[in-house]
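Please walk through this structure step by step, beginning with a single residue and ending with the whole chain.

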Amino acid sequence: MHLPIVDFTSPTAPQDFCKSLHETGFGVLKNHPLDQNLVQGIYDEWLAFFQSDAKNKYAQDPVKFDGYFSPKVSETAKNHTKKDVKEFFHIYPWGRYPTEVSDAARRYYALGSHLATTLLQWVDDNSPPEVKARYSMPLSRMLEGSDHTLLRVLHYPPLTGQEEPGAVRAAAHGDINLLTILPAATEPGLQVLGKDDAWHDVPCDFGLLIVNIGDMLEEASGHYFPSTVHRVLNPTGEAAQKPRISLPLFLHPVRDVVLSERYTVGSYFDERMRELRGSY
Ligand SMILES: O=C(O)CCC(=O)C(=O)O
Ligand SMILES: [Fe+2]
């Protein structure tokens with residue numbers, strides 16, 4: 001499996017990027033407009049936040065889904081039984097936001113959402129006519145007026161050796177949403193499952209932006225754009241002593257957007273949530 005690095009500023013970027021999304025479910029961009037200093041600043045201040053007790057003031061709301069998810073309540077991926085070795089904070093525009101950090105993550109949320117609109121326009125423009133005919137509205141408009149888009153700040157703590165056997169940083173899963181954008185994390189570890197059934201490292205040089213198709217866009221495109229399974233492996237050797245921070249932005253349309261003949265965004269999401277609960 002080949003994951004090409006597409007130069008955002010190249011005249012052929014939209015086509016190259018969408019070819020990669022179609023063939024692998026992933027697209028990797030360099031020279032993109034999201035400011036690296038902003039991303040680095042978020043990594044630094046949120047690592048300090050996760051290393052402090054302040055996080056416990058923001059315990060997650062089980063209904064609204066915002067706030068701090070400790071390793072004890074962290075996710076179990078679909079069809080897995082062990083909890084991932086991670087903790088995270090969910091940022092929504094209407095949700096809680098720690099006073100201990102600057103507004104950088106909020107600014108990133110807005111910039112990332114704006115870039116996602118451009119990328120969805122690229123996807124729309126480069127969908128074959130029979131795929132495009134399936135979309136109930138232009139893809140870039142699917143995010144309009146939505147406050148369901150989620151910025152997740154993830155902290156994978158250094159390994160202690162006390163982890164439950166078989167538990168990993170992020171077990172193999174597909175993302176539920178439309179599209180995910182993810183700046184290269186502070187450490188490697190992200191892998192994607194190829195059509196060859198083998199795991200491949202996703203390029204992780206600092207400054208790259210990784211974009212992947214979620215289940216909702218797979219459904220809306222009649223599977224032309226695949227939502228590819230990915231995972232984050234536990235590091236070994238010296239790297240096991242290092243924390244890892246990552247910052248996925250999960251783009252979510254409003255609930256009444258029609259994805260396909262079978263699903264709206266709302267009915268799709270509810271079904272996936274029921275399945276997830278069933279797997280606990
Ligand atoms: O931490 C990463 O690199 C990826 C995280 C991820 O796939 C997720 O949270 O859905
Ligand atoms: Fe993911």
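**From one residue to the whole chain**

Phe-65 is partly exposed, with 14 other C-beta atoms within 10 Å. By this count a residue is buried with 20 or more other C-beta atoms within 10 Å of its own, exposed with 12 or fewer, and partly exposed in between, the C-beta atoms being placed from the backbone. This is a predicted model, in which local features need pLDDT of at least 70 and side-chain atom pairs count only at pLDDT 80 or more, while totals for chains, interfaces and linings use all residues. Residues are numbered from 1 along each chain as its sequence is written, and chains are lettered from A and ligands numbered from 1 in the order in which they are written.

Phe-65 sits in the loop between α2 (36–50) and β3 (67–69). Helices (H or I, at least four residues) and strands (E, at least two) are DSSP runs, numbered from the N terminus. The phi of Phe-65 is positive, near 80°. Most residues other than glycine have a negative phi. His-223, in the loop between α5 (215–220) and β11 (230–232), also has a positive phi, near 75°. His-223 is exposed, with 10 other C-beta atoms within 10 Å.

Phe-17, Cys-18, Ser-20, Leu-21 and Thr-24 are the buried residues of α1. Seen down the axis of α1, they fall within an arc of 155°, so they line one face of the helix; the arc is that of the directions from the helix axis to the C-beta atoms. Just after α1, Gly-25 has a positive phi of about 80°.

An open sheet of 4 strands runs in the order β6-β11-β8-β9, with antiparallel pairing. Two strands pair if DSSP finds at least two bridges between them. Its edge strands, β6 (170–173) and β9 (199–201), each pair on one side only. Between β8 and β9 there are 3 bridges, and Val-192 stands opposite His-200 in β9.

The protein chain as a whole has 6 helices and 13 strands. Its C-alpha trace spans about 50 × 35 × 35 Å along the principal axes. Of its 280 residues, 36% count as buried.
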